[in-house]
Amino acid sequence: MNFYAIQAIYRFEMARTFRTLLQSIASPVLSTSLYFIVFGSAIGSRIQEIDGIHYGSFIVPGLVMLSLLTESISNASFGIYFPKFNGTIYEILSAPVTMWEVVIGYVGAAATKSLMLGVLMLITASFFVPIRIDHPFLMVFFLLLTCISFSLFGFVIGIWADSFEKLQMIPMLVITPLVFLGGSFYSIQMLPKFWQNVSMFNPVLYLVSGFRYSFFERADVALSISISMILIFLSLCLFVTWLIFRTGYKIKN
């Protein structure tokens, strides 16, 4: 494996992030702060606790997961789409690099950005509400798996998309609603039985539930199921990525 090729792609993508700090870092952190102010004040004044956990603290894992999912997808999809857009993808295709070196470079950079953002989110949240992390290693495990899996998903979207509109379509119209309806701001045990059953078809529920368990040992679904779901999703993304490079599907615009 050519580590110099991976390093070149990785460093280029990370440099792009640091050139756009306001958009890449400051904007998501500010949005999260506003969530805490609005939800913590408006809803928190009426819902004091959920499962014995202060409401402001309860929503921290959901808010972090919301940012991780959307940012992982956006960073990875834009990272591979932009070379297609401006024609520099031919330099990558003609370079002596394998498909997995390209994937590791782009996905690794996107996952690193998301991980940095997740840490900043937790630090920001600590200024608003008390945070307790009962299982720090499990929390890091979920952070890493989520960042890698959805960065890989974003990479697939970036190859599939042929316009900037399509880049935003999945994060805005699919992922964000699924996160909001996946128990980010509430426990599904608060819902009627019918909607609890419907929520079980939401894949994001398992991510939020497992991530919340690492904080408070409270979850809407079993931890083993949450871990299994994220591993299945990661495997599916790896298979689709392999299939794309194996068939040469829409690598170029």
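This is a predicted model: local features need pLDDT of at least 70, side-chain atom pairs count only at pLDDT 80 or more; totals for chains, interfaces and linings use all residues.
Phe185, by contrast, has a relative accessible area of 9% and is buried, because the buried class takes in values under 20%.

A pair of aromatic rings is described by the distance of the centres and the angle of the planes. The search of the whole structure returned 14 aromatic pairs. One of them joins Tyr81 and Phe164 in an edge-to-face arrangement, with 5.1 Å from centre to centre and 80° between the planes. Because Tyr81 belongs to helix H4 and Phe164 to helix H8 (residues 164–180), this pair ties together parts that are 83 residues apart in sequence. Tyr81 is buried, at a relative accessible area of 2%, whereas Phe164 is partly exposed, at 36% relative accessibility. A further pair is formed by Phe180 and Phe185, whose ring centres lie 5.2 Å apart with 40° between the planes. This geometry is tilted, because the edge-to-face class requires an angle over 60 degrees and the stacked class one under 30. Tyr81 and Phe164 also belong to a cluster in which ring pairs link them with Phe78 and Phe82.

Arg212 lies over the face of Phe58, at a distance of 3.8 Å from the ring centre. Ser57 is placed in helix H3, which spans residues 55–58. With a relative accessible area of 4%, Ser57 is buried. A polar atom of the Ser57 side chain lies 2.6 Å from the backbone oxygen of Pro130.

Rolling a probe the size of a water molecule over the atoms shows where empty space is left. The second largest pocket holds about 340 Å³ of space. Its lining is made up of 16 residues, of which Phe12, Pro83, Thr88, Ile92 and Tyr106 are the closest to the centre of the pocket. Two or more lining residues are contributed by each of helix H1 (3–19), helix H4 (60–86) and helix H5 (89–94). H1 supplies the largest share, with seven residues. By residue class, the lining of this pocket consists of nine nonpolar, three polar and four charged residues.

Note on methods. Residues are numbered from 1 along each chain as its sequence is written. Side-chain values use heavy atoms; hydrogens and water are left out. On a 1 Å grid over the protein atoms alone, a cavity is a set of points where a 1.4 Å probe fits but cannot get out, and a pocket is an open set with protein on both sides within 12 Å along at least five of seven lines; lining residues have an atom within 4 Å of a point. Grid points are joined across faces, edges and corners, and a volume is the space filled by probe spheres set on the points. Helices (H or I, at least four residues) and strands (E, at least two) are DSSP runs, numbered from the N terminus. Ala, Val, Leu, Ile, Met, Phe, Trp, Tyr, Cys and Pro count as nonpolar, Asp, Glu, Lys and Arg as charged, and the others, Gly among them, as polar. Rings of Phe, Tyr and Trp (its six-membered ring) pair if their centres lie within 6.5 Å; planes under 30 degrees apart count as stacked, over 60 as edge-to-face and the rest as tilted. Buried means under 20% relative accessible area, exposed over 50%, partly exposed in between (1.4 Å probe, protein chains only). A charge sits over a ring if NZ of Lys or CZ of Arg is within 6 Å of the ring centre and within 35 degrees of the ring normal. A polar contact is a pair of N or O atoms within 3.5 Å; within protein, one must be able to donate a hydrogen and the other to accept it, and residues adjacent in sequence count only if both atoms are side-chain atoms.
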